[in-house]
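Subject: Structure for you to look at

Hello,

Here is the structure I promised to pass on. Please open it first, then read my notes below with the view beside you.

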Amino acid sequence: MNVNQHTPMASPYGQPQPGYGQPGYAPLDGGYPAPYAPYNGPSSAYQPGAPPQGYSPFTNFPSKAVVANPVSDLSSPLDLGPARGPPTSGTPPVSAPQPYNQYSQGDMQNGPPPLTQAPPRPAASQLYNQGAVNLSGPQPSYPQNYGPQPSMQQVTSQMTGMQITSGAPTPTGPGYAPPRSSQHPASTAYSAAPPPSYTQAPPPASPAQTQPPPPSGPAASQQYYGGPPPPSQQPFNSSLPPTSQRQFPSPGLPPSSSQQTFPPSSYSGPVSPPSQAPAHPVSQPQQPFPPTQPPFSSAPPPVSQPAFAPGPPPPTQGSFPPRAPPPSSQPGSFPPPGPPPTSMPSGQYPGPMPPQQQPPPSQPHPYQSGPPPIRTQMPPTSMAQSNHLPPGSQGPPGPPGPMQQPPSQPGMQGGYPPQQNGAFGQGRGPQPGYAGPYPGQPNYGAPAPAPAPGPAAQKRLDPDAIPSPIQVIEDDRAKCTEPFTTGVRGQVPPLVTTNFQAKDQGNASPRFVRCTAYNVPCTADMAKQSQVPLAAVIKPLATLPPDETPPYLVDHGEAGPVRCNRCKAYMCPYMQFIEGGRRFQCGFCSCVTEVPPHYFQHLDHTGKRVDCYDRPELSLGSYEFVATVDYCKNNKIPQPPAFIFLIDVSYNAVKSGMVNIVCQELKTLLDYLPRENPEMDSVVRVGFVTYNKVLHFYNVKASLAQPQMLVVSDVSDMFVPLLDGFLVNVNESRLVIESLLDQIPEMFADTRETETVFGPVIQAGLEALKAADCSGKLFVFHTSLPIAEAPGKLKNREDKKLVGTDKEKSLFQPQVGFYNTLAKECVAQGCCVDLFLFPNQYVDVATLGVVPVSTGGSIYKYTYFQAQSDTERFLNDLRRDVQKLVGFDAVMRVRTSTGIRATDFFGSFFMSNTTDVELAGLDCDKAITVEFKHDDKLSEETGALMQCAVLYTSCSGQRRLRVHNMAVNCCSQLADLYRNCETDTIINFFSKYAFRGLLNNPTKAVRDTLINQCAQILACYRKNCASPSSAGQLILPECMKLLPVYLNCVLKSDVLMPGADVSLDDRAYLRQLISGMDVTESHIFFYPRLLPLTKLESGSLPLAVRDSEERLSKGGVYLLETGLHLFLWVGASVQQELLLNIFGTQSFSQIDPSLTSLPVLDNPFSQRLRDIIESFRAQRSRYMKLMVVKQEDKAELIFRHFLVEDKSASGGASYVDFLCHMHKEIRQLLS
Amino acid sequence: MPYLFLKQFISPLSKPEDNLIHSTSSVMATYQEFIQQNEDRDGVRFSWNLWPSSRLEATRLVVPVSCLFTPLKERPDLPPVQYEPVLCSRANCKAVLNPLCQVDFRAKIWACNFCFQRNPFPPSYAGISEVNQPAELMPQFSTIEYIVQRGPTPPLIFLYVVDTCLEEEDLQALKESLQMSLSLLPPNALVGLITFGRMVQVHELSCEGIAKSYVFRGTKDLSSKQIQEMLGLTKAAASGQQGRPQAPQDAAASCRFLQPVHRVDMNLTDLLGELQRDPWPVPQGKRPLRSTGVALSVAVGLLEGTFPNTGARVMLFIGGPPTQGPGMVVGDELKTPIRSWHDIQKDNARHLKKATKYYEAMANRSAVNGHCIDIYACALDQTGLLEMKCLSNLTGGHIVMGDSFNTSLFKQTFQRVFSKDYNGDFRMAFGGVLEVKTSREVKVCGTIGPCVSLNAKGSCVSENEMGIGGTSQWKVCGINPSTTLALYFEVVNQHNAPVPQGGRGVIQFVTQYQHSNTQRRIRVTTIARNWADAQSQIQHIESSFDQEASAVLMARLGVFRAESEEGPDVLRWLDRQLIRLCQKFGQFNKDDPTSFKLSESLSLYPQFMFHLRRSPFLQVFNNSPDESSYYRHHFVRQDLTQSLIMIQPILYSYSFHGPPEPVLLDSSSILPDRILLMDTFFQLVIYHGETIAQWRKAGYQEMAEYENFKQLLLAPLDDAQEILQTRFPMPRYIDTEHGGSQARFLLSKVNPSQTHNNLYAWGQETGAPILTDDVSLQVFMDHLKKLAVSSSA
């Protein structure tokens, strides 16, 4: 903190001011200064204005400023600086120096004003942060930010977003590249812009400076804001949301990128613009991009708008007024940097900027107006370029801005507008939407300034100022309004928390495959330098939402799928047909293969097969082949799979009610066995076994009047006592099965047997499947540590004393080798094991879980199971587990293009060699994380391809191949890597990597490794991508600005840092659970969703708040969702009305904390709340039991455990503390 | 008793003295009556009814002093006494008070006639006097039965061990038989069911609703302890903490598998009805996997753990050879045929020794606990009886061999297992212990019969072993009224030590057993024979010779040897014994075969030996190892009459010429206008002569005017029916005619007096030539005479 603050203080101050002091820029670089100038201008304006305004008007602001400073410093400055710095190449350095210079200069030029306002400046620096924010989404975002910001988080998020965006923008830039094409011109314009900017710059600078002086101005600006915002907001909201959202949703992303790029370009406007712009799009390739851009161009703008509309607008609306100023101030700072460039490029900015800047008072304006100006400009630009979305979206906002600004900088606009407009339009669009991205851009300019000021200003890091997950999530949601199409290589998909529709256009949908990075470094050196893990999380059988088409099934008849001769890759869109279609060249290994006669088709003039769009395997990223007999085990068409239910009937199992519940449920559940055609009966056969220390098999042959029980006591050498009648068709044997399920609880009602076996139970199921020569799934319902004399017998080895020692790892390892061997056999047979545990004490999950985990099964654990309270959860889990689609006897192979190789796999499976992932069972919830490493250079042209092929037996017994193709870009610039990665996926990878590391390393070593790698990633960014700035600044890449907070969550998880009350079993359970999680689940698991329930509107969820106790209001009710648990937290002084609505009780004390479901009350609130809870449950693969937690109650301890931004009881760092720690680490690395 | 006319048989040898046989010489008459009387009263037939007084002389008699003893011979006239026997107080004697004891009524003291210990009568005998004697002192009660009132009376136990690798039809028939048998069991008897195929299932009978069974892998040799653990039989003992509730639990635990018939007969009937064929697929070219070894092991283990020393009958039903696991007799590859005698002689039977050893161990375990094992093997091919025979042979169980469970042979035989006596009690008893006590001059060498040694050494045990020796006590786990043991004795009196004047050798048989009405009983038979000096009284001794008993006794020795020796060696030994006997007792001039004569009391003996030599007990040619084992099994346990039929089948002739008459077992008896009925014990053959067969084919019996022909045809059927209804196991019933393929059963038995070699040389009026190179009785006798009179022999 201190460091941050200090450093930021110093540098930011200097920088911002200087930066603001466009003069400095101007002097330094014509181009830069200009962009900066404009930005600075605004920022400065903001700052000046902000401080006063912010402070006075917005209490938050100040606080934000304070906090923001650090944060902003951290993010925006860093990002902006670095990101742009490098791209700008020339400029960045300049900028870097600029800050200082600027500072001085600023002092010099702006100095005066600042000087006068020197104190405020610091604030201004904070403002810078804000500015940074502004940058990120200065124009649009600000308003939005403001809206959101009302909550501290939003602001921070924006801030962070801004900062990050700075980083992000650049990355996004590439995405936008296409748009940029238009931009290119823009860029050219930029170049042109620069000059204008310069010209403008000065003005802005001056304005900025001037602004400070006219604090009143700010006030005015505030008023303006007040004025403008509403209008702008309204317009935005109205105009943007509708238009932008609608049109831009999908573009949102691109725009952001474009925006970013633009910003950069704009930044560089003069000089850097091009470089940045290229970088983003393809920085240098700009030209090439241009073509692409066109298409995008249209998109981008929309995107940006949409982004705005969704994310920012709401916030802005809500919070804007209040916080707007502060943010604005911050944004202001951003804007200054960002805007300048942007403004520079786009006449708009300039326009607005100038106005803002020019009208120093407008500083706030700049922020606020910044956006508006943009809008204003936007409109023009957009208008000019394309009236499409941008205009619309911006139009609305624009008006206000333009109104204000235009006047100020009409000339500017005029000059810049055209080019910049285009750029801006896009850029702006994005920016608004992508508060983040934009900020990034702004960051370029802003980074330096913002950070410095912020940190300096405050001594203590304000939680609101640090990157907020909520803000990022909301921003992403906001910008995602259109379906995500997978056709373009290297696009970062929407976040997992965003509802979007994916359209398969040649790459696998993000629902199937998510990558940590969508731009892969070209060389191993780069990859090593960055330390960013290259991994993909693949969920091969993921369930798609109803509005997306499941993979098509392709049947090539007896010939089977067409494959490359050499690498055996399956036919996919990456195969290039040559020689008139007679041959094709493999995209993976480049080998040329003859096209089989039956598959021949002529090519059209573009070299595409004529039937390209008729064949899924030629046009889609995901599809399925019907496998021929060659793909079957033993060259035999597989038998339909079987489900075997193995139920523990020892004393504990019976007493807890488990046996009774399972048997009752199975009677109905058996009608819902998985089937592919809902109108047909399932072909899955079922069998039943009960056991304690001996096993009871049941003959339920249809011809029997009564089931027969076959007891096998010879557990040392398990075998299946019967063949015929064990596995039966449910419909045929229904009566017998029902009779059996009725009788099982009775038969064992008086049992006194407490010992159980476990190994033989699985063996029994395995043998049964072997005997029936089919694959299948075992459902084992087990209660206790298997201590009866039998193979796989276990001892109680729970020893708390080992926790924290080097021997701790042994507790995660299986106790005996027996289960590993058994797992291997199970996999060979295609026997998947799902384990339901009902322990009352230690059961050694680490050992019992070996088989389920190795066979692609799941473990469910219901500690201290009580029929009354846990039945619902258990039954829902069971129902889902039984019903879900599942494939058996699967083999997954990941093929990649030359230069990259899948080296490591994480998940629930077994591998007998280094390439084939064997899954006895693979269900729709299981994800496999694959790590890639370079083994050669990659080329930017071809990108990196991967093909994941899963051969499996469907639940109807058909052998199939599911193929997912994924192509990502390759980059030679680290910045591109950082711009196109996905933190959620990285966290997914890290957690799996770390949790596996636990088996062999001390926990502390694992934690340190994680921290180190993360620090290296960020340090590398700082070193190579961020503009030079004070070492005291923490600069985070836009795309990774949440990395610290999420990583902290991983480190604080029970697995890596157990509390005193966390049992070894729980840790082992979670460890294994996470190994199969996809990104969505791991995200919610590590960063739970916390919703305030004070007001519920139908149709939309309340805005989540950050996981911190500070965010909880005593008077509120909150719902917290972790993917495994659901808590309803009730504040001590909650309104009576809420109580009545939710619980139907009058007072807090009357709430029954043992409730597991809410009373059904006939009021809209209750109805809606229950609907929300239901919908949450429906989203997760496991049923979440609801716990009602009353404030100050004992149970609150558990609840607090999930407030992951706070210090944890077990010693986990708070978010703020951890961020500081990270910063320290990074600085160490940098020095 | 149609077989009593055996003695009327006319031997070619003694033809000239035909009259003598019929004439009732006083001696003969005396001995015949004496023997008959002894057999009727005590169930004992001695080879010699006068005993040579010294060891040397006894040895020279060739046929040892020995007897056939039927411990539980049915005695409707003998009501058991309701008290316990009075025992000699000497610890190593414990002989039972008997009519031969000297009693001092005044002193109320009796002297043991084995150890001469003087014992006071117990208090309950206070009222004893010359005129008030307890039954055991009356001469007619040389055999007497006591009922032991003490101790619990555990119910009978029947454990069905059922092979499910059967053809559907067979299984169905078997299931029906088993269901039927439930109605024959006494209501309080305990029943259990074990089924097996690839796996072994022990069915729990007590539960309602779901049918439970415990399953064992068919390939794993489990110890008795493991089995009991797996069946949960030891649980109560292991986990029981309170003393009281433990006992009932124990009972309950064991009762899960063995339940009183009256309680579970419905249940069990259903269970049997639902029995499925072994569901495991049998690939082409394979035998079904049959875990007979483990099934038995489980059965034995179960009874061992629950009801040791209680009468129990394990009834094993098999439809094929054990093909896996311990006790496997043949692999499951059909291309590998089951071992034949040829393979065994070539030492080519891979599994033979191992399997035999396994089943022997099993049989011994079972015998120790007093449980007997029956084998009901019905299959067209061999089922491994050779290896498994000891199960029954050592425990007194039955072996029944048939072609299919769906034949009346099996069905009726099985039904007859549960036949009842005049009191309505089963003709079976369990856990019998036979103890032999001898007076000083005699010692017991051993026993041949369905028993195991209890290794009771004592003063009356000879060092010279014959059969199962080295002990004076044997366990006969399953015992029925016809079970007959051969006991061999040795006279140990030295030649120079004179036998006390008027002294008698005394032997006491004490049989303790569990009666089928669950009472424990003790039957005591005390017999005495006079001593005779072989030098001075050789004539007397000769005339006391019981040639029927001797033939059977010697045959048992032969069969016993045949189990362990090569066939030819046994025959040679038998021949030498016969020659020695002829030399000892024949009247001849040296080197003049024509002068050779045998006395009446020995006249039939060589003929028995001739047929014995040809019998399947010693000849394995044309018999599978299983068949040989089966025949031998029955031979060593049937009583004298049945044994003689087995050695020398009887042949009746039916014709219009007169009433049915027994005829010589000779090819000359096969005439066109006769109907023959041959009883070999195992087979019952009705043979229609050529003419009769033609008439029958022409349908004369249907015509009213040929009513007499119809009667003639029916006569042998009626007689056969009579035999069929009493015989156990039921014989194979064969109805054939001249030229019929089944006629071979008859042709292979008759003395081939007319063969293709001598057809026209001997008489020509009668008979059918037998196409064989076997020697005829005539030739055999000629050789015997030659050898007997030869001075060089």
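Contact here means heavy atoms within 4.5 Å. Keep that in mind for what follows. One caution as well: this is a predicted model.

**Helices α50 and α56 of chain A**

Which residues of α50(A) meet α56(A)? They are Pro1044(A), Val1045(A), Leu1047(A), Asn1048(A) and Leu1051(A). On the α56(A) side, the partners are Tyr1215(A), Phe1218(A), Leu1219(A) and Met1222(A). By class, this contact has eight nonpolar residues, one polar and no charged.

Two packed helices are described by the angle between their axes and the distance between the axes. Helix α50 covers residues 1043–1052 of chain A, and helix α56 covers residues 1215–1230 of chain A. Their axes come within 9 Å and cross at roughly 105°. Angles of 65 to 115 degrees count as roughly perpendicular. So α50(A) and α56(A) are roughly perpendicular to each other.

Now look at helix α49 of chain A, residues 1003–1024. The axes of α49(A) and α50(A) come within 11 Å and cross at roughly 175°. That makes α49(A) roughly antiparallel to α50(A).

From α49(A), the residues in this contact are Arg1007(A), Leu1010(A), Ile1011(A), Cys1014(A), Ile1017(A) and Leu1018(A). They meet Leu1043(A), Pro1044(A), Leu1047(A), Val1050(A) and Leu1051(A) in α50(A). The classes here are ten nonpolar, no polar and one charged.

**A salt bridge at α56**

The whole structure holds 80 salt bridges over all chains. One involves Asp1217(A) and Lys1207(A), whose closest N and O atoms are 2.8 Å apart. Asp1217(A) sits in helix α56 of chain A, while Lys1207(A) is in the loop between α55 (1196–1200) and α56 of chain A. The two are ten residues apart.

The size of an interface is often given as the accessible area lost when the parts come together. How much do chain B and chain A bury between them? The value is about 2,100 Å², with 54% of it on carbon and sulfur atoms. In this interface, 23 residues of chain B are in contact with 29 residues of chain A.

Two salt bridges cross the interface. One of the pairs to look up is Asp717(A) with Arg217(B), whose side chains meet at 2.8 Å, N to O.

On the chain B side, β10 (199–204) and β11 (211–217) each supply at least two residues. Strand β11(B) gives the most, with seven residues. The residues on this side divide into twelve nonpolar, five polar and six charged.

**Backbone points to check**

Most residues other than glycine have a negative phi, and most peptide bonds are trans. Here are some exceptions.

- Asn635(A) has a positive phi of about 55°. It lies in the loop between β10 (622–626) and β11 (642–648) of chain A.
- Asn455(B) has a positive phi near 55°. Its place is in the loop between β18 (452–453) and β19 (473–479) of chain B.
- Phe728(B) and Pro729(B) are joined by a cis peptide bond, with omega about -5°. Pro729(B) lies in the loop between α21 (707–726) and β29 (732–737) of chain B.

Best wishes

How values were computed: Residues numbered from 1 in each chain as written. Chains lettered and ligands numbered in written order. Predicted model: local features only at pLDDT ≥ 70, side-chain atom pairs only at ≥ 80, totals over all residues. Heavy atoms only, no water. Axes fitted to C-alpha atoms, helices over the stretch in contact; angles between N-to-C directions. Helix = DSSP H or I, 4+ residues; strand = E, 2+ residues; numbered from the N terminus. Parallel < 35°, antiparallel > 145°, perpendicular 65-115°, else oblique. Nonpolar A, V, L, I, M, F, W, Y, C, P; charged D, E, K, R; others polar. Buried area = accessible area lost by both parts, 1.4 Å probe. Salt bridge = Lys/Arg side-chain N within 4 Å of Asp/Glu carboxyl O.
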